[in-house]
Amino acid sequence: MLTAEMLKSMANVERTRSARMNATPARMSAEEKDTLLQEYHPDYRQSGFTVLSVGPNKGSKVPTELAELLQANSRIRGSEIDLERVDYDVDVLIIGGGGAGTSAAIEADKAGAKVLLVTKLKMGEANTMMAEGGIQAADKENDSPAIHYLDALGGGHYSNKPELLKRLVHDGPLAIKWLNDLGVMFDKDEKGVMVTTHGGGTSRKRMHAAADYTGAEIMRVLRDEAVNRGITTIDYAPAIELLLDETGKAAGAVLMNYDTGEYLVAKAKTVIIATGGAGRLHYQGFPTSNHYGATADGLVLGYRVGAELIYADAIQYHPTGVAYPAQIFGALVTEKVRSLGAMLINSEGEAFMHPLETRDVAAASIIRECTTRGKGVPALDGSAVWLDTPMIEMIHGAGTIEKRLPGMLRMYGKFGIDLRKEPILVYPTLHYQNGGILINEQAGTKIENLFVAGEAVGGIHGTNRLMGNSLLDIIVFGRIAGKSAAQKSKETQLGKLTLSHIDKFQAELAAAGIHTDKVSPLLLPTYTHGRKVR
Amino acid sequence: MQEEMVEVFLLGKKYTVPSELTIMDAMEYAGYKLVRGCGCRSGFCGGCAVIYRMKGSHELKVCLSCQTKIEAGMCVGKIEAYPINKKAFDIEEIKPTENIMGQLYPEIYSCIGCNACTKGCPQGLNVMQYIAYAQRGDYEKCAHASFDCVGCNICASRCPAQISHSAVGLLARRLTGKYLAPQSEHLNKRVSEIEKGDYEKILEQLMQKPLAEMKELYNNREIEK
């Protein structure tokens with residue numbers, strides 16, 4: 001039940017609604033945004049970060065929880081694993097069964113490679129499945145890949161790797177076409193024109209959607225296509241260490257059967273890391289919108305063999321995570337809610353920012369409202385602000401929410417809140433890792449035959465990703481990685497398999513004076529929901 | 001604030017858990033470290049279906065455990081890895097002709113109209129209705145009526161005719177997306193421009209521009225209303 005204080009504040013939101021309908025706050029200037037971010041964005045809170053002492057990014061800062069895993073012990077340190085006893089021998093090993101891994105699998109299979117896809121949970125239990133709002137691509141008459149480039153570059157604070165961003169925007173319409181032709185049901189009008197909206201920081205309406213099940217629709221089609229193609233996949237089989245050959249090329253992985261605990265050896269001519277993000281590490285104590293397995297495993301595996309990270313200190317807090325009710329605390333409220341006109345409102349009923357600023361700016365602005373300005377609404381865990389969802393149907397007409405936000409309507413409805421009639425309480429939630437493993441245009445890394453795609457990649461989005469560019473990047477770079485890895489596998493002769501990099505890394509840890517009981521990759525978080533465990 | 005505690009039975013064992021938790025969270029509170037039956041934790045992946053009875057009631061209920069609040073007296077079992085009969089097809093070869101669904105999934109015609117699928121659907125879909133659309137070859141209607149399916153397969157677990165509803169809906173949606181929905185001319189036009197290389201040069205030029213000029217361009221760009 002909403003508290004009396006919440007209800008009192010909600011009345012303020014209702015009181016000011018009609019006056020706000022035609023008075024959208026101005027967008028912030030570049031200087032205002034810079035100052036706001038420095039003062040309020042969690043990435044600028046030095047206490048949340050640790051400088052790495054070993055590995056390719058020695059001397060750089062990353063979130064402390066990530067540093068602990070990057071600089072932890074191998075799960076198989078000291079175990080004898082017979083690498084001569086090979087359980088799987090394939091051309092391309094793909095680690096991760098989300099949108100990027102599955103796109104890669106389809107393309108590698110199409111290119112004639114023998115593919116094995118392994119995933120920690122079930123194929124499709126991934127952040128792709130949960131991406132609600134949309135996918136960007138410049139395919140409208142008034143738009144162009146060049147305008148998309150500029151939007152993403154400015155949104156990313158001009159730090160995006162130009163060659164990666166170029167590939168993203170250039171191949172965007174090709175990705176939409178590929179998905180459409182696989183049978184993804186995009187929202188279209190009766191003439192076939194894609195129904196597109198803005199996202200935070202876009203200058204053209206290029207957000208394509210499939211209601212607010214966009215990622216789910218894409219993921220279930222990709223998964224179905226992988227099954228149709230007969231691609232071998234193993235669920236509940238996380239990779240726990242990469243294998244190299246004696247010349248230093250990536251050559252497969254040690255897997256774990258998560259049901260039995262048994263180790264398995266997968267030998268592969270090329271390897272694609274597509275393990276996704278890190279929300280379940282709960283940086284700085286934030287809740288997360290991510291799936292259960294988002295624990296940065298791929299970053300750990302890659303780092304241990306010498307792959308370089310970029311912008312690992314740039315984290316995306318989605319401005320609108322659920323702040324109430326408790327059962328869905330931290331879950332995502334899609335940005336599409338703001339695309340459709342809902343404003344962010346403080347406890348007094350004031351609209352304190354333009355609803356379509358970029359995510360980092362919007363998150364910082366909400367944090368400012370709830371801290372120094374003291375205009376937050378006391379919620380479950382600290383304060384929150386209102387997202388004025390009833391505005392949507394005042395702008396677009398009755399029935400809009402049911403048609404375009406059915407997932408949100410259902411999620412809140414299950415816990416007794418009708419967002420058509422009452423506003424909802426939100427606060428930033430840990431959503432996306434902007435950085436990751438550095439790749440080149442072919443999705444390759446500096447480790448030969450090791451490719452990366454999806455959220456595990458860094459560089460495409462700079463230090464802040466725009467809405468809708470992640471679903472795009474998993475398709476664009478997932479496909480590139482699949483093609484590159486298949487091609488490279490045809491030219492590859494593997495030497496003897498080795499895990500010697502583990503000993504080397506352990507020696508580096510010891511030399512740096514790091515002694516820890518922690519092992520990584522983490523695989524899954526542990527939750528007790530407040531119960532004290534012996 | 002004092003938490004209200006409730007008594008529940010999880011996989012046959014009695015536990016006392018806070019009433020504000022979801023069924024999934026209650027499992028974790030009780031000490032389970034979940035590996036299976038826990039995916040997105042937000043109601044989109046369909047991976048956490050459970051079956052339960054209220055103590056003393058004959059009625060079996062089904063739900064997604066991450067989207068359902070625990071209640072006193074719940075006796076919870078799990079539906080994990082429920083096998084369905086998904087048929088392989090080549091999306092380039094099949095056509096949305098009337099008999100394709102019948103060829104791949106003839107069991108849809110065994111539907112006895114019991115409506116157990118619809119009653120079980122945690123998404124509130126009219127499952128029996130979308131199967132009826134599939135029977136009639138109305139794939140577009142089947143696609144839209146099944147659109148919010150998360151593939152938990154609770155429907156299949158309840159169906160006396162042994163239909164794999166989620167697979168039927170997915171086939172209808174792929175046929176609709178690829179063949180039945182109107183083509184997007186603006187998309188096809190842009191794709192052919194890109195394939196001709198029309199945007200290579202302008203993008204290369206942008207990549208070469210000095211930072212100050214890019215900032216100028218970004219800060220003064222026109223924003224579509």
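Visitor: Into how many nonpolar, polar and charged residues does the lining of the largest pocket divide?

Guide: This is a predicted model, in which local features need pLDDT of at least 70 and side-chain atom pairs pLDDT 80 or more, while totals for chains, interfaces and linings use all residues. Side-chain values use heavy atoms, without hydrogens and water; residues are numbered from 1 along each chain as written, with chains lettered from A and ligands numbered from 1 in written order. A pocket is an open set of points on a 1 Å grid over the protein atoms alone, where a 1.4 Å probe fits, with protein on both sides within 12 Å along at least five of seven lines; lining residues have an atom within 4 Å of a point. With Ala, Val, Leu, Ile, Met, Phe, Trp, Tyr, Cys and Pro as nonpolar, Asp, Glu, Lys and Arg as charged and the others, Gly among them, as polar, the lining divides into 23 nonpolar, 13 polar and 10 charged.

Visitor: Which residues lie nearest the centre of the largest pocket?

Guide: Helix 1 (4–20) of chain A and helix 1 of chain B each give at least two residues to the lining; helices are DSSP runs of H or I, at least four residues, and strands of E, at least two, numbered from the N terminus. Of the 46 lining residues, those nearest the centre are A:Pro325, A:Ala326, A:Gln327, A:Leu380 and B:Glu20.

Visitor: How many charged residues line the second largest cavity?

Guide: A cavity is a set of points where the probe fits but cannot get out. For the second largest cavity, helix 4 (127–135) and helix 6 (154–158) of chain B each supply at least two lining residues. The lining has 10 nonpolar and four polar residues, and its count of charged residues is none.

Visitor: Why does the aromatic pair of A:Tyr213 and B:Phe44 join two chains?

Guide: Rings of Phe, Tyr and Trp (its six-membered ring) pair if their centres lie within 6.5 Å; planes under 30 degrees apart are stacked, over 60 edge-to-face and the rest tilted. Over all chains there are five such pairs. A:Tyr213 and B:Phe44 form a tilted one, 5.2 Å centre to centre with 55 degrees between the planes. Because A:Tyr213 lies in the loop between strand 8 (207–208) and helix 9 (214–228) of chain A and B:Phe44 in the loop between helix 1 (23–30) and strand 3 (49–54) of chain B, the pair joins two chains.

Visitor: Are A:Tyr213 and B:Phe44 buried or exposed?

Guide: Buried means under 20% relative accessible area, exposed over 50% and partly exposed in between (1.4 Å probe, protein chains only). On this scale both A:Tyr213 and B:Phe44 are buried.
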